[in-house]
Amino acid sequence: MIQHLGLTEHARLSDTTQLMVDGQGIEFVQVQNAHSQACFTLHGAHLIHFQQNGQAPLIWLSKTAIFDNNKAIRGGVPICWPWFGAAPESFGENLPSHGFARNSLWQLLETKEVATGTEVSFRLTDTPASRELWPFQFELTLVATIGQEIDLRLITHNLSKQAAPYLAALHTYLNISAPENASVTGLGPSYLDSLDGKQQKTATGDLSINGAIDSLYLQAQPKLALNDTGFAREVSISNSGNDTVVVWTPWIEGAAAMGDMPDDGYQTMLCVESAITQQAVTIAPGDKHELTTKIG
Ligand code: TA6
């Protein structure tokens with residue numbers, strides 16, 4: 001799913017991990033081990049590819065995603081932080097949608113082999129520019145474990161002297177064979193419909209995909225399942241630290257309106273996101289909070 005990026009090796013970091021670059025010099029971290037393969041950009045510490053060996057990719061990436069170290073990449077797992085969607089009024093005005101972590105250049109901290117696969121960690125810290133947007137000192141760490149599953153842990157460490165409120169989402173784009181083949185179980189009895197004034201609505205059993213969806217599930221199970229009859233697989237999605245599971249597909253009109261998604265892109269993707277959207281988590285000075293999702 002990423003051959004079209006034309007990546008070449010820049011440095012070999014270990015038996016399983018390489019630093020890669022594209023034709024513009026954009027940097028990627030690529031992992032290939034006995035279980036699976038994965039690829040991240042340093043821009044946004046953005047997982048853009050995950051595929052268990054011998055299987056169809058689990059993570060979807062737009063074929064027309066833009067890699068310019070500026071725009072958020074369409075697909076993969078964008079890190080929406082320190083807010084989700086439009087920032088709450090209490091955070092300020094004219095703030096970028098979904099925060100600034102996904103548009104920032106992170107540093108690669110470490111790559112090492114662990115019992116379940118390859119662990120790669122990335123870090124983002126505050127800058128004068130970030131403090132203009134969110135007036136706190138912080139260390140934001142993504143710890144990714146690439147094995148039979150992809151395990152993503154987003155750890156917010158508040159280094160300020162005052163309590164820091166944050167919202168977030170691991171905005172996962174899952175790869176599906178076709179909308180009519182996919183369903184999601186475990187989302188719970190009701191949801192807020194962002195396509196209809198955030199009205200609360202009753203869920204009617206497993207989620208199926210037959211139109212645009214932008215829903216906030218506030219009573220989802222910690223462990224969900226994406227069933228895909230086309231790929232003949234059931235994908236487990238386990239979340240923690242979240243108060244919401246967001247489900248999104250732009251469907252036909254939404255895909256056509258996005259320049260970084262092919263018009264038919266909606267047919268092979270579904271977002272299922274481990275998110276904090278309802279009540280900001282307030283982290284005491286010196287404390288940490290963790291938001292996770294594990295897929296496989
Ligand atoms: O997670 C769902 C959502 O908030 C949708 O409302 C839609 O805006 C989507 O995220 C994509 O947002 P983006 O800024 O990446 O185009």
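This is a predicted model: local features need pLDDT of at least 70, side-chain atom pairs count only at pLDDT 80 or more; totals for chains, interfaces and linings use all residues.

Which residue forms a salt bridge with Asp 196? I looked it up: the partner is Lys 201, and the closest N and O atoms are 2.7 Å apart. For the record, a salt bridge here is a side-chain nitrogen of Lys or Arg within 4 Å of a carboxyl oxygen of Asp or Glu.

Residues are numbered from 1 along each chain as its sequence is written, and side-chain values use heavy atoms, with hydrogens and water left out.

**Salt bridges**

I searched the whole structure and got eight salt bridges. Lys 201 turns up again with Asp 193, where the closest N and O atoms are 2.9 Å apart. I then checked accessibility (buried means under 20% relative accessible area, exposed over 50%, partly exposed in between, with a 1.4 Å probe and protein chains only). Lys 201 comes out partly exposed at 25%, and Asp 196 is partly exposed at 29%. Asp 193, at 11%, counts as buried. Elsewhere, salt bridges that share partners tie Lys 71, Arg 74 and Asp 260 into one network.

Next I looked at Arg 153, which forms a salt bridge with Glu 290; their closest N and O atoms are 2.9 Å apart. This pair links distant parts of the chain, with Arg 153 in strand S10 (residues 150-158) and Glu 290 in strand S22 (residues 288-295), 137 residues apart.

**The nine-stranded sheet**

I traced an open sheet of nine strands in the order S7-S8-S9-S10-S22-S19-S18-S13-S16, with antiparallel pairing. Strands pair if DSSP finds at least two bridges between them. Which strands sit at the edges? I noted S7 (107-114) and S16 (207-208), each pairing on one side only.

Inside the sheet I picked S8 (residues 117-125) and S9 (residues 138-146), which run antiparallel and are joined by eight bridges. Thr 118 has Ile 146 in S9 as its bridge partner. From Ile 146 I went over to Ala 178: the two are 32 residues apart in sequence and 26 Å apart in space, C-alpha to C-alpha. Ala 178 sits in the loop between strand S12 (173-175) and strand S13 (182-185).

**Strand S21**

S21 got its own page. Of its 15 residues, 11 are buried, so S21 is largely enclosed by the rest of the structure. I went through its antiparallel partners one by one:

- Strand S11 (residues 164-170) pairs with S21 over six bridges, and Pro 165 has Thr 282 as its bridge partner.
- S12 pairs with S21 over three bridges, and Tyr 173 stands opposite Cys 271.
- S20 is joined to S21 by five bridges, and Thr 244 has Ala 275 as its bridge partner.

**Pockets**

A pocket, on a 1 Å grid over the protein atoms alone, is an open set of points where a 1.4 Å probe fits, with protein on both sides within 12 Å along at least five of seven lines; lining residues have an atom within 4 Å of a point.

The largest pocket holds about 480 Å³ of space. Of its 27 lining residues, I found Phe 84, Gly 85, Ala 86, Ser 97 and His 98 closest to the centre. S21 (269-283) is among the strands that supply at least two lining residues, along with S17 (213-217) and S20 (244-249). S21 gives the largest share, four residues.

The second largest pocket has about 340 Å³. It is lined by 21 residues, with Tyr 191, Leu 207, Ser 208, Ile 213 and Tyr 217 nearest its centre. Here the largest share, four residues, comes from S17.

Methods
Grid points are joined across faces, edges and corners, and a volume is the space filled by probe spheres set on the points.
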